[in-house]
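This report describes how parts of a two-chain model pack together. Please look at the sequence and the structure first.

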Amino acid sequence: MNIEYQNCYFDFDQRFALKAIDWQISTGEHWVITGGNGSGKSALVATLAGYGDKLSGTVSGKANRVALVSFEVQAELIERERKKDDADITDVIAVGTAVYEILAQGHSNQEIVDQLIAKFELGYLLNRPFRALSTGETRKILLIQALASEPDLLLLDEPFDGLDATTLLMLQQYLLQLSQRISIVMVLNRCDEIPSFVSHLGYMQAGQLMHKVAREDLQGSRELLQLLHLKTSGLSVPATDGTSKSALLKADQPLVRLKNIRIKYDQLTILEDFDWTINPGEHWQLSGPNGSGKTAILSLITGDHPQCYSNDILVFGYQRGNGESIWQIKQFIGYVSTALQWEYRVGTSLRNVIISGFYDSIGLYTKATDGQRKIADQWLVLLGMDDRADQSFNKLSFGDQRLLLIARAMVKHPPLLILDEPCLGLDDINRQLVLALIEKICAAGKSTVLYVNHHAEDAIAGIDQAKKITKHPSNMADV
Amino acid sequence: MSNNYFNTLTLRDQLEQLGKCRFMHLAEFTEGVDALKGKKIVVIGCGAQGLNQGLNLRDSGLDVSYTLRQAAIDEKRQSWKNATENGFTVGTYDQLIPTADVVLNLTPDKQHSSVVNEIMPLMKKDACLSYSHGFNIVEEGMKIRQDITVIMVAPKCPGTEVRAEYVRGFGVPTLIAVHEANDPQGQGLALAKAYAVGTGGHKAGVLMSSFVAEVKSDLMGEQTILCGMLQTGSLLCYDKMIEKGMDAGYASKLIQFGWEVITEALKYGGVTNMLDRLSNPDKIKAFDLAEELKGIMRPLYNKHQDDIMNGNFSSGMMADWANDDEKLLGWRAETAETAFEKMPAGDVEISEQEFFDHGILMVAMVKAGVELAFETMTAAGIIAESAYYESLHETPLIANTIARKKLYEMNATISDTAEYGCYLYNHACLPLLAEFMKNIDTDVIGKGTTNADNGVDNARLIEVNEALRSHPVEHIGGVLRGYMSDMKAII
């Protein structure tokens, strides 16, 4: 398999363009494409799977069978499942497509599916509706679907993000074996994750493939990776407006007290006998394998989980289920997660996305104050997006969207800042920026931080409390 | 059984009730959910509306539980799962209705009589009963115990959207009403307002209407423009393209998805914007076709409105209910056998603009149907706001259903009331338009016009544009969409 791009220009629905791409992938080569957020990494790799309109240039050669796993594909599938939900016209709540049906779609080698299901230990969720899976679980299902399609060109866009440590190791080993037989092209934001079998590196900038180096060229590789590391010194967190909610809370009262928590669906128990108290100023890291219920716990706190009403939960002085409204709870919380990003499907401007953090809304439905606009603009400068303040949020790349949602979560300096894998999809520079911001917020002492992540190296100074959860036994069994 | 409530009113009262519809302002909702605070709300029915409204009300700090029939609980049916997995208390009618201060009846129309008869004796003295549709009260003449307050709160969007907008911090447009014959303590309006706030509706705009106006306009809209016109149009346009030798897959796709695409333009900018999507010569063509269609179909729209007003429609339908839905099921089976229904959409690319350019007749049908429905309703005493919501506003929702499900499923999933009316309309309209269709060719449906240039006569274009923009549905639509976007200001 040889694929060659000669001076190719691609258009992506007029919201993004790739320019003057010259690139050759030969049999036995494995590429990692890297670059800053919004540089076109994902777009370039997606062209190998037929995405984008080629405006000019020539592409010669192609793979027989291509498989692509990316956040965009994941979002597409989730959106498709959402559309299948006919509850709005039938008045019947739809259950959705089961995981095993998703896995059987398209070309699929059942033997490989079975083998990978066993490897990933996912047998327990085969009969569950795809829509009910956690972020990490959907990701794994897509990986299995891609691997089982027996591609001769495998495209993986950020395959390691959002995977727990065990799965990560397993996948890396699997890819190592696979790399002996097929070509693999990956998009990676983190240089510490580049697997040993990768033979070539590419660096994207502003829609162009600026640098291509062979891994053997040590000098060249080092320089390319250095491009990713820029300094993030002199950083400061923009102030908030006068509406901080901390004053409404008693200092000696826990922010959150979960007692005897149980989350259960039909036969399936996600969580049982779970207790957790978060006092003001105690910064926590929450960890556990994919599907162990991390996001469920967080959404009990934010009030987004419907079973928060059938559990013993005290948040910000409210015992849940006693006449408080969800907005009274949310005013104390800043929140970012992948689920939120999927919900945040609105065409509003970048500035308004940040301002919406003051109102805890998705989109902005209230006239913002001048002060809030000013603060939002300071955040945009910090993120290097001030020249795009009035552009539309839904046209941004995944990583850029993530940065904005982090700013949205922080903008009101909330008493409780919940960051559920905040660095997912961020390049090295922006990851450093976000980690530094979180550190500053911890140190400033106004916000208590609750942080979920899988990457040990993303530890943050100041976060010294750890809560580990394991999977509930019933959540491992086949249902 | 039934004693049509509307027919018991004097002409003066009829006109007063029909003319009730007012857009309420945010400032009228400053009391929030106070009127419902601490009251026990029991929802009957846990489908998409029932569940999602309940989730919103609970998140607004209200006490919500669900009551289901014993069998649904014993068999752990989906409705039971919906309620329990979301952490709600679930109980039988006997267990929960006697404890309820407010009962929300969110079951399908057809079940209303039996459900209401069953719960009424169980309800607390001075409690409140809420409907989301007034058919049972107005057409079936259900008499509710005199101490009970009867209100209506009807979000004008599907249940999943009611929830999604609330979670975003917004809401969906909502209609509220108080049944004046059942407002013993004068608290109906306060309760209905609090309920609308609890679902987030006040943020998107609330229309205060009456049971009568809601029923008479809702029936008219759904059987004519919404379902009837789209069904009839689908069959006629498809058959025409096949008759002219066009590819069946293309024809099927153009229609199945065409309604959705062209009514999306309607949703954003009314009939004017929908026609503005066409080239100038095509626009004039669509305008002329629509005028012709309106002339032919006006008597049919009048007949539907008359039958709805005098109760003939509902008594005919209820007779069919009593006869095991014989007519309805027969008609439904016929729909499944139509050529359009049986031909799956072809695997061809149709661009957004092509749906307009090749669907000039479809655009004309939507224009004619929306304007006729609106004109007929307002001529019958229904106020413009109601007429707008029940015609133009809801057309994209049905078009979306056709895009997803085609006609058979569209009919099976809309309410039985809408479906029955849709067939009545379709059976009358098909022969009515037979002569008109003889003169139709693929330039207005299927292939598009092949004008050598885009030239038009200035005077004629000005005349057409003026006529489009000055139609009363455009006037009220501009005002109501303006409120909506003011409230949704910055999105």
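## Helix 12 and helix 13 of chain B

Helix 12 (residues 211-243) and helix 13 (residues 248-276) of chain B have axes that come within 9 Å and cross at roughly 155 degrees. Axes are lines fitted to C-alpha atoms, for helices over the stretch in contact, and angles run from 0 to 180 degrees between N-to-C directions. Helices (H or I, at least four residues) and strands (E, at least two) are DSSP runs numbered from the N terminus. Helix 12 of chain B and helix 13 of chain B are therefore roughly antiparallel; angles over 145 degrees count as such, under 35 as roughly parallel, 65 to 115 as roughly perpendicular, and the rest as oblique.

The model is predicted: local features need pLDDT of at least 70 and side-chain atom pairs count only at pLDDT 80 or more, while totals for chains, interfaces and linings use all residues. Residues are numbered from 1 along each chain as its sequence is written, with chains lettered from A and ligands numbered from 1 in the order in which they are written.

On the helix 12 side of chain B, Leu230(B), Ser234(B), Cys237(B), Tyr238(B), Met241(B) and Ile242(B) take part, and they meet Ala248(B), Ala251(B), Ser252(B), Ile255(B) and Trp259(B) of helix 13 of chain B. Contact here is counted when C-beta atoms, placed from the backbone, lie within 7 Å. By class, this contact of helix 12 with helix 13 of chain B has 9 nonpolar, 2 polar and no charged residues. Ala, Val, Leu, Ile, Met, Phe, Trp, Tyr, Cys and Pro count as nonpolar, Asp, Glu, Lys and Arg as charged, and the others, Gly among them, as polar.

## Helix 12 and helix 21 of chain B

Helix 12 of chain B also packs with helix 21 (residues 395-413) of chain B: the axes come within 10 Å and cross at roughly 45 degrees. That makes helix 12 of chain B oblique to helix 21 of chain B. Helix 12 of chain B passes helix 21 of chain B in a right-handed crossing. Among the residues in this contact are Leu230(B) and Ser234(B) of helix 12 and Ile398(B) and Ile402(B) of helix 21 of chain B. The contact holds 8 nonpolar, 3 polar and no charged residues.

## Domains of chain B

An automatic or database domain assignment divides chain B into domain 1 (21-209) and domain 2 (213-487). Their C-alpha centres lie 32 Å apart. Domain 1 of chain B gives 21 residues to the contact and domain 2 of chain B gives 19. The domain 1 side has 12 nonpolar, 4 polar and 5 charged residues.

## Domains of chain A

For chain A, the assignment gives domain 1 (3-228) and domain 2 (246-475), with 27 Å between their C-alpha centres. In this chain, 27 residues of domain 1 touch 24 residues of domain 2. Helix 6 of chain A gives the most to the domain 1 side, with 4 residues. That side divides into 8 nonpolar, 11 polar and 8 charged residues.

Methods
Contact = placed C-beta atoms within 7 Å. Left-handed = near helix turned anticlockwise from the far one by under 90°.
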